[in-house]
Amino acid sequence: MTFSSSLLKLLDERGYIHQATDGAGLDALASKEIVTGYIGFDATAPSLHVGSLVQIMMLRRMQQAGHKPIVLMGGGTTKVGDPSGKDESRKMLSEADINANIASIRRVFEAFLTFGDGPTDAVLVNNDDWLSKLGYIELLRTVGPHFTINRMMTFDSVKLRLDREQPLTFLEFNYMILQAYDFRELALRQGCRLQLGGSDQWGNIVNGIELARRMDGAELFGVTTPLITTADGGKMGKTANGAVWLNAEQLSPYDYWQFWRNTADADVVKFLKLFTDLPLERIAELGALEGQAINEAKVVLANEATALLHGRQAAEAAAETARKTFEEGAAGGDLPTVAAPAEGLGVVAALVALGFASSNKEARRGIEQGAVRLNGEKVGDPHVMTEAGDKLSFGAKKHGLVVEG
């Protein structure tokens, strides 16, 4: 489909659109007025991870195209838990933990969006403001008649869990109703006409559109992104060492930079379009590089993606650390560190503390396989001690410093 609005043109040409409920209708609306759109994020941890980044970038694209993004924090829905793609129920968090997570996550959005009171300024709202005030009987009477169990059982978030014979609690079964109610509430409160989300949220988005139409006669729209996978078929943001967190407290800017630098050749152009602001013409130039030259494009990707999240200075520091580490063999000042007491720190414990190994067993296996080096020398004994000033490496791409404890 060919779009005329700057919003859908931008989303389409950079690869964000998978499905739309009424692409022509949304295109016409976005061509004549400012559209308010939202994405919801539950606060299950102090940081989102890179798997959420395509959604954050969608909100950024909305603002770049002259429209108004809403960040909906799920202070209420986090108390329930989205069953989509999950094999088991989420751990219950206290209200204090949820609020602390929201405050921490907000800092990430402030790096990508401009917040304020202007017509296209972003706003952050919390669905706990209305969900926790809902009376149970009120919800059953006003919203319940618009949902059938027959239909709810067909949604992937329910069907897949049951197909795997994993329990789905009544609490989680209600999640799709609450998410639909969110869309309706934002339409009433904020004039929101658009919900964006990943392809796994299609059913939930359609529920919200239908609920608002039946209850209020409102015309709302939905757009989903494709599932972002890597060239080898893996899920975006999943690595051997766990999630790639967006908050610097959970993952250093240097490690974030390295994540992007290690992108597979086949993913570089796609990721440049999705996760940087580089013009498409420049991306095409980088995509034309071949052989070893493609590494230049990976460095650009790492620099631009890191600059968006952590700032240009942090990106340049990470790039310089990488250059010193890999080109000069020196110990760059931005490398991850582990503190050692005066008597030293065992190499196995140091590897785990740095996050290079997920367990003592994995660290010992790395030593046995000759993957661990201390100050450039291969480590053959898992009982070796490290001390302040040592440089520890695991494989070709993981390097850290031992500092004074």
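# Helices, sheets and a few residues

Me: Asp 267 lies in the loop between helix 12 (253–261) and helix 13 (268–275). Does Asp 267 count as buried, partly exposed or exposed, and what is its relative accessibility?
Reply: This is a predicted model, where local features need pLDDT of at least 70, side-chain atom pairs count only at pLDDT 80 or more, and totals for chains, interfaces and linings use all residues. Residues are numbered from 1 along each chain as its sequence is written, and side-chain values use heavy atoms, with hydrogens and water left out. Buried means under 20% relative accessible area, exposed over 50%, and partly exposed in between (1.4 Å probe, protein chains only). Asp 267 is therefore buried, with a relative accessibility of 4%.

Me: Which residues is Asp 267 in contact with, leaving aside its neighbours within four places in sequence?
Reply: Contact here means heavy atoms within 4.5 Å. With those sequence neighbours set aside, the partners of Asp 267 are Thr 229, Thr 230 and Ala 231.

Me: Gln 258 has its place in helix 12. What is the C-alpha separation of Gln 258 and Ala 318?
Reply: Helices are DSSP runs of H or I with at least four residues, strands are runs of E with at least two, and both are numbered from the N terminus. Gln 258 counts as buried because its relative accessibility is 6%. Along the chain, Gln 258 and Ala 318 are 60 residues apart, yet their C-alpha atoms are separated by 8.2 Å.

Me: Helix 13 and helix 14 (residues 280–287) cross each other; how are they oriented to each other?
Reply: Their axes come within 9 Å and cross at roughly 160°; axes are lines fitted to C-alpha atoms, for helices over the stretch in contact, and angles run from 0 to 180 degrees between N-to-C directions. Angles under 35 degrees count as roughly parallel, over 145 as roughly antiparallel, 65 to 115 as roughly perpendicular and the rest as oblique. So helix 13 and helix 14 are roughly antiparallel.

Me: What is the class make-up of the contact of helix 13 with helix 14?
Reply: Helix 13 brings Val 269, Leu 272 and Lys 273, and these meet Leu 280, Ile 283, Leu 286 and Gly 287 in helix 14. Ala, Val, Leu, Ile, Met, Phe, Trp, Tyr, Cys and Pro count as nonpolar, Asp, Glu, Lys and Arg as charged, and the others, Gly among them, as polar. By class, the residues in the contact of helix 13 with helix 14 are five nonpolar, one polar and one charged.

Me: Helix 1 (residues 6–13) packs with helix 3 (residues 53–64); what is the handedness of their crossing?
Reply: Helix 1 and helix 3 pack at an angle of about 140° with axes 9 Å apart, and they are therefore oblique. A crossing is left-handed if the near helix is turned anticlockwise from the far one by less than a right angle, and right-handed if clockwise. The crossing of helix 1 and helix 3 is right-handed.

Me: Which residues of helix 3 meet helix 1?
Reply: From helix 1, the residues involved are Leu 7, Leu 10 and Leu 11. In helix 3 they meet Met 58, Arg 61, Met 62 and Gln 64.

Me: There's an open sheet of six strands; which are its edge strands?
Reply: The strand order is 1-6-5-2-3-4 with mixed pairing, and two strands pair if DSSP finds at least two bridges between them. Each edge strand pairs on one side only, and these are strand 1 (19–20) and strand 4 (123–126).

Me: Strand 2 (residues 36–42) pairs with strand 5 (residues 194–198); what is the bridge partner of Tyr 38 in strand 5?
Reply: Strand 2 and strand 5 run parallel and share two bridges. In strand 5, Tyr 38 has as its bridge partner Gln 195.

Me: Where does Phe 115 lie, and what is its C-alpha separation from Ile 70?
Reply: Phe 115 sits in the loop between helix 4 and strand 4. At 21% relative accessibility, Phe 115 counts as partly exposed. Phe 115 and Ile 70 are 45 residues apart along the chain, with a C-alpha separation of 9.6 Å.

Me: In the open sheet of five strands, which residue of strand 15 (residues 398–404) is the bridge partner of Ala 340?
Reply: The five strands are ordered 9-15-14-11-12, with mixed pairing. Strand 9 (residues 337–340) pairs with strand 15 in the parallel sense over four bridges. On strand 9, Val 338 and Ala 340 form the covered face, while Thr 337 and Ala 339 form the uncovered one. The partner of Ala 340 in strand 15 is Glu 404.
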